Amino acid sequence: MNFGRGPSVVLNVGGTRYSFSREVLKDFPLRRVSRLHGCLSEQDVLEVCDDYDRERNEYFFDRHSEAFGFIMLYVRHGHLRFVPHMCELSFYNEMIYWGLEGSHLDYCCQRRLDDRMSETCTYYSAGEPPGEAAAGGGPVAPEGKGRRAPGSEGRKWLERMRRTFEEPTSSVAAQVLATVSILFVIVSMVVLCASTLPEWRAPENRSVEEQSRIIEAICIGWFTAECIVRFIVSKNKCEFVRRPLNIIDLLAITPYYISVLMTVFTGENSQLQRAGVTLRVLRMMRIFWVIKLARHFIGLQTLGLTLKRCYREMVMLLVFICVAMAIFSALSQLLENGLDLGTKNKDYASIPAACWWVIISMTTVGYGDMCPITVPGRILGGICVVSGIVLLALPITFIYHSFVQCYHELKFRSARYSRSLSAEFLN
């Protein structure tokens, strides 16, 4: 420290005094406290604290003393929890003042903070000036300068359009658009499922089939227009193409146009059996339309984000199942069919056939289509079931916690837009 004298310094936080050596302040975990080490003048000190006593080398902070006591416990022991009977948002304010973030909290307290911020529609953005927050996030023009930068209106309109199509909860228009899109998805799914009924394909119901194709074409037209508009207003076109939901949209739309082109060029002739099978496969691929609902529902977004973050646990789960399947299928084939015990179970004639029994036993499904008949085989079956329960439970615990965390993150992100939605509705 280049300012002040003495081997130690005293921090007075709300009346509670803490004494530290000068060297400790240099690498202190709290950023505001560590800034005292680099102060060169009294003016620099007063930018960090509220007051300073030169004679006693004491720095005064007009902050919550009990909250700082809990923060000091985090400095000493590495665990940060909320002060009992203190508002979570007030404690979070103290954390920001001393240079901590929400990620420093223990997991249970992070969930409490997310829930609290979601309920009050409060969003703390690092580095966001108060003027910007009051203006709804838009930059505040300097006083006396009323001119806007060239093209600012166009960029503002594109940003509004992008949020309308990408964030269903960002405005009233976005919610209306999302509702219409959901209705089109539901209608297209109902038509797709009904088109497989034998009554719809009967010769006397040709008019119903034609009407279903018209409805299908209208739905595809809506999805195509929506995808094109979202591509036009996107900031980064390459990133737009790489996003998983946009790839799913493309997979849901493309089969329709391919099937239309194949119908035009080849026709649905019974002699062209290969083309007919291809058309049926392409039409069934339209089931991907239901995944478009992930854009509007937090539950499906949570599932996708969980799978993305827990791919290591998913691979680990798959490895567990494959190893157990290899062991138990080989042993079951040996005990039921390989040994000369007087009775041979034809269902276990090979190891690949026994793999089916292992997978349905480990997952405790048990269709009953095949089962061991020898005593050693039944004992092995019991061990297989118990092993499956244990092996599946181990990685699923991590996946469950990740799912809960992803849900709270997406729920909090969705709650951020409710403030601008309420303002737009009132205006």
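**View 1. Thr 374, a buried loop residue.** Thr 374 has 7% relative accessibility and therefore counts as buried (under 20% relative accessible area, 1.4 Å probe, protein chains only). Thr 374 lies in the loop between helix H16 (351–362) and helix H17 (375–426); helices are DSSP runs of H or I with at least four residues, numbered from the N terminus. The model is predicted: local features need pLDDT of at least 70 and side-chain atom pairs pLDDT 80 or more, while totals for chains, interfaces and linings use all residues. Residues are numbered from 1 along each chain as its sequence is written, and side-chain values use heavy atoms, without hydrogens and water.

**View 2. Surroundings of Thr 374.** The side chains of Thr 374 and Glu 336 form a polar contact of 2.6 Å (N or O atoms within 3.5 Å, one able to donate a hydrogen and the other to accept it; residues adjacent in sequence count only if both atoms are side-chain atoms). Leaving out residues up to four places away in sequence, Thr 374 touches Leu 335, Glu 336 and Thr 343 (heavy atoms within 4.5 Å).

**View 3. H15 against H16.** The axes of H15 and H16 come within 8 Å and cross at roughly 120° (lines fitted to C-alpha atoms over the stretch in contact, angles from 0 to 180 degrees between N-to-C directions).

How values were computed
Helix = DSSP H or I, 4+ residues; strand = E, 2+ residues; numbered from the N terminus. Buried < 20%, exposed > 50% of the residue type's maximum accessible area, 1.4 Å probe, protein only.
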